[in-house]
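Student: I have a model open and want to learn how to read its features. Where do we start?

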Amino acid sequence: MDFARWVAHFTAEAARRTELGDPDFARGARASAQLLRSLQKFQVGEDGDGTDLIGKADAAGDADYAAAVRLFVAEEQNHARLLAELLRATGTPLLGSHWSDALFVRLRRLFGLRLELMVLLVAEVVAVPYYRAVRDGAADGLVAEVAGRIAADELRHIPFHCLRLRQSLGQLPAPLHSPAVAFWRLLATAAAGFVALDHGPALRVLGVRRGRFVAESAAVAAGAARALRPVRWAR
């Protein structure tokens with residue numbers, strides 16, 4: 001899709017979410033302490049106003065892309081809201097901040113749009129197997145429902161970021177493209193390893209071994225890497 005179609009797609013998804021409505025948070029939920037601590041951290045990571053990314057998208061000069069980025073940010077903010085409601089349904093307080101999220105945000109804001117999107121794409125690649133693990137392994141139906149909704153969104157975000165990155169990487173000299181993609185895959189592998197360690201207790205409760213989580217993240221990353229190959233080289 002081009003970015004005008006992504007605007008239409010994100011808009012349609014927003015309308016579908018409104019029609020579907022929220023999960024029944026009033027019924028409450030239960031989860032292990034390990035999983036709740038993990039969800040607290042992910043909730044912090046999903047939260048944010050996206051101001052830096054929106055500013056860089058505006059500066060890129062593509063009005064359709066800038067509009068699509070705003071809709072993408074709105075979806076991420078909805079994830080933060082859903083996780084916050086879920087944690088409240090379990091009686092779990094929200095975290096004001098976490099060092100891992102602060103480091104992630106600082107890293108992606110240091111550079112221009114291309115490198116920020118590379119870091120964001122890493123986050124999406126790791127989020128997909130994480131939320132799938134929660135969806136499939138949580139004993140509580142409300143926890144599984146929220147995770148399933150977020151996993152579906154994160155999976156859709158990968159081709160959105162890949163489209164812009166493919167265009168951006170196509171502007172590099174041809175010899176730099178493969179090293180750039182290899183560098184991105186290295187970042188994705190390192191991030192998956194970090195999440196596997198940091199969220200290992202929760203993954204264990206969900207029935208997912210650390211090695212399996214890293215392998216599933218690597219499989220998602222491999223598909224994204226194929227999508228990053230530019231259609232043609234820019235001169």
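Tutor: Arg 149 forms a salt bridge with Glu 145, their closest N and O atoms being 3.1 Å apart. A salt bridge here is a side-chain nitrogen of Lys or Arg within 4 Å of a carboxyl oxygen of Asp or Glu. Before going on, note that this is a predicted model: local features need pLDDT of at least 70, side-chain atom pairs count only at pLDDT 80 or more, and totals for chains, interfaces and linings use all residues. Residues are numbered from 1 along each chain as its sequence is written, and side-chain values use heavy atoms, with hydrogens and water left out.

Student: Where do Arg 149 and Glu 145 lie?

Tutor: General idea: an α-helix has 3.6 residues a turn, so residues three or four places apart point the same way. In this case both residues lie in helix H7, 4 residues apart, about one turn of the helix. Helices are DSSP runs of H or I with at least four residues, strands are runs of E with at least two, and both are numbered from the N terminus.

Student: Which residues are linked in a network of salt bridges?

Tutor: Glu 13, Arg 16, Arg 17, Glu 75, Asp 153 and Arg 156. Look at one link. Arg 16 bridges to Glu 13, and the closest N and O atoms are 3.0 Å apart. Both sit in helix H1, 3 residues apart, about one turn of the helix. Arg 16 is partly exposed at 40%. Glu 13 is buried at 13%.

Student: Which residues of H3 are buried?

Tutor: Leu 53, Ile 54, Lys 56 and Ala 57. Seen down the axis of H3, they fall within an arc of 165°, so they line one face of the helix. The arc is that of the directions from the helix axis to the C-beta atoms. Just after H3, Gly 61 takes a positive phi of about 85°.

Student: What about a buried charge with no salt bridge, such as Asp 140?

Tutor: Lys and Arg count as positive and Asp and Glu as negative; His and the chain ends are not counted. Asp 140 is in the loop between H6 and H7. Its nearest side chain of opposite charge, Arg 27, is 5.0 Å away. Now look for polar contacts: pairs of N or O atoms within 3.5 Å; within protein, one must be able to donate a hydrogen and the other to accept it, and residues adjacent in sequence count only if both atoms are side-chain atoms. A polar atom of the Asp 140 side chain lies 3.1 Å from the backbone nitrogen of Arg 30. That side chain also reaches the backbone nitrogen of Val 143, at 3.2 Å.

Student: What is the nearest side chain of opposite charge to Arg 164?

Tutor: Asp 62, at 4.8 Å. Arg 164 is buried and has no salt bridge. Its place is in helix H7. Leaving aside neighbours within four places in sequence, Arg 164 is in contact (heavy atoms within 4.5 Å) with Phe 3, Ala 60, Tyr 65, Leu 113 and Leu 117.

Student: How many residues are in the largest nonpolar core?

Tutor: General idea: in soluble globular proteins, nonpolar side chains tend to be buried together. A nonpolar core is a set of buried Ala, Val, Leu, Ile, Met, Phe, Trp, Tyr and Cys residues joined through side-chain atoms within 4.5 Å. The largest has 36 residues, and those with the most contacts inside it are Phe 160 and Trp 184. H6 gives the largest share, 8 residues. A second, separate core of 32 residues includes Ala 29, Leu 39, Tyr 131 and Ala 147.

Definitions and conventions. Buried means under 20% relative accessible area, exposed over 50%, partly exposed in between (1.4 Å probe, protein chains only).
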